[in-house]
Every structure is written in structure tokens, then in C-alpha cells.
Amino acid sequence: MKGVWLLPSRGRPERLAKFAEAAIACGTSTPGWVLINEADSAAYERVQLPEGWTFKVMQSQGMGDKFREIWPEVMAMDWVGWLVDDVVPMTPKWDTVMLSGLNGKNVISCNDGCRAPFRMCAPVFSGDLLRAVGYIYAPEFWHTYMDDAWERIGTVTKCWWVCMEVMLKHEDAFQSGKADATHEQSYGKNEADAAAFERWRRNDMDRAVLAVLDLMQPDETRIKEVAYA
């Protein structure tokens, strides 16, 4: 199956290096793209990535914009994973274990050591699921609340499964109590993201849910059209 892990990072070469060192030690064997900006290129060039991983220089700044920018390059893939630079792989072959559970219609997340199984961390999506919904990140979302949107979709449709056996420890500022500049920038538009989530919930959630349910049903019973206000 063709796919890739997407890991946006900004101003955090040391965090990415910790992820990469742990990923290599855990035998990571599937490909990944680290999404950075030109201004960060020099700072990141010394980070040793896992085999098959590479840097992709993006024009966009926020996570949402980066994922929307990269979407045309990944939308036809069999699977796409969503990582962040403050997770640390702890489970050997974590990536292939998670991928082994994909069935073309689901999303699988892992144990983050703090919020799982109630919150989504490091999800990997079946390609058909993403194509049914039409995006990884919906329009308007800057950084936060897109995981809330996917949790809503996953819970309602039952397409989301949490693999508690796989640990990618999430060492974010909420756990450490130490917020860096990237954290402040990422969460600096939290109020606008909350409003974007509310608009998504009112205007696009029903369409997305019906599209996923349509995908999950046998061909002969699929919903032929999805209409929403």
C-alpha cells in the first residue's frame, strides 16, 4: 500500500530529533514527510530522519494550512498518517502495527500516555475514508479542533479505533507545563479555531458523517446523494 506519515514542525529541531531517534530505535519502516518552512531549513538539516523519510518545504505556516497545501499530493494514497513533533514512539514497529488494522474505511489512533482512548493521537487514515470526507484538515482551521472534528466523525460512524497497545508518548506543553514559542503560535488562534469548529459542526459535519456511512455500507445500500444545509 502506498502512503505517508505527515509531520509538520516549526522551530523545533530538537523535538523532531527526539522523535526521529525514537522512531529509528523502534524500527520505523514506513515513509514520512516532515513539513517545514524555508526559514527552518538550516536548523533542521542536521536531524537524522528514519530511512525513507524526507523534508518537504512548504509555503504555509500553520498546521491546517500545511495539510491543505500537501493534500493534492496525498489525496490518492492508500493511507495517510498525521503526526506531531512532540510525540515519542515507544512501541517497536509502531507504524506497521497501526497500518495492519486499516481496512480502507477506518481511522486508527494510538495510546498517547495521557488522553487515550478518549482523544485521538497520531491517527492513520484509510485513503478511501479521507477521499469520502474530502480533506484531512477542513477549511478555516488553523491548528486546534480538527482532531475534535475527526473524533466526532469517528464516534458517530464507528470508523475510529484506538490501538492502546501502541504507545506514542505525547510530550506536549499541557503535560510538561513548559510552553515554547511554537506552542504559543499554534494555540494563539484558539478562539478562531473554536469558531471554525462550530461552523464545521453546523454546516459540514452531517455531510461528512453521511459520506463515511455511505462508504462503510455495502454497495447496494449506499446513499447515492448527500444533501445538507
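Which residue lies over the face of Trp33, and how far is it from the ring centre?

Modeller: Lys56 lies over the face of Trp33, 4.4 Å from the ring centre; a charge counts as over a ring if NZ of Lys or CZ of Arg is within 6 Å of the centre and within 35 degrees of the ring normal. The model is predicted, so local features need pLDDT of at least 70 and side-chain atom pairs pLDDT 80 or more, while totals for chains, interfaces and linings use all residues. Residues are numbered from 1 along each chain as its sequence is written, and side-chain values use heavy atoms, without hydrogens and water.

Rings of Phe, Tyr and Trp (its six-membered ring) pair if their centres lie within 6.5 Å; planes under 30 degrees apart are stacked, over 60 edge-to-face, and the rest tilted. By this rule there are 10 aromatic pairs. Phe19 and Trp53 form a tilted pair, because their planes stand at 50°, with 5.6 Å between the ring centres. Since Phe19 belongs to helix α1 (residues 13–25) and Trp53 to strand β3 (residues 53–58), this pair ties together parts 34 residues apart in sequence; helices (H or I, at least four residues) and strands (E, at least two) are DSSP runs numbered from the N terminus. Both Phe19 and Trp53 are buried, where buried means under 20% relative accessible area, exposed over 50% and partly exposed in between (1.4 Å probe, protein chains only).

Phe125 and Trp150 also form a tilted pair, 4.6 Å centre to centre with 50° between the planes. Because Phe125 lies in strand β7 (residues 124–126) and Trp150 in helix α6 (residues 146–157), the pair ties together parts 25 residues apart in sequence. Phe125 is buried at 0% relative accessible area, and Trp150 likewise counts as buried at 0%.

Trp150 is also among the residues with the most contacts inside the largest nonpolar core, which has 69 residues; such a core is a set of buried Ala, Val, Leu, Ile, Met, Phe, Trp, Tyr and Cys residues joined through side-chain atoms within 4.5 Å. Ile136 is in contact (heavy atoms within 4.5 Å) with residues including Phe67, Trp71, Trp82 and Trp150, leaving aside neighbours within four places in sequence.

A further group of rings is the cluster of Trp5, Trp79 and Trp94, linked by ring pairs. Trp5 stands opposite Gly81 in β4. Strands β1 (residues 3–8) and β4 (residues 79–82) run parallel and are joined by four bridges; two strands pair if DSSP finds at least two bridges between them.
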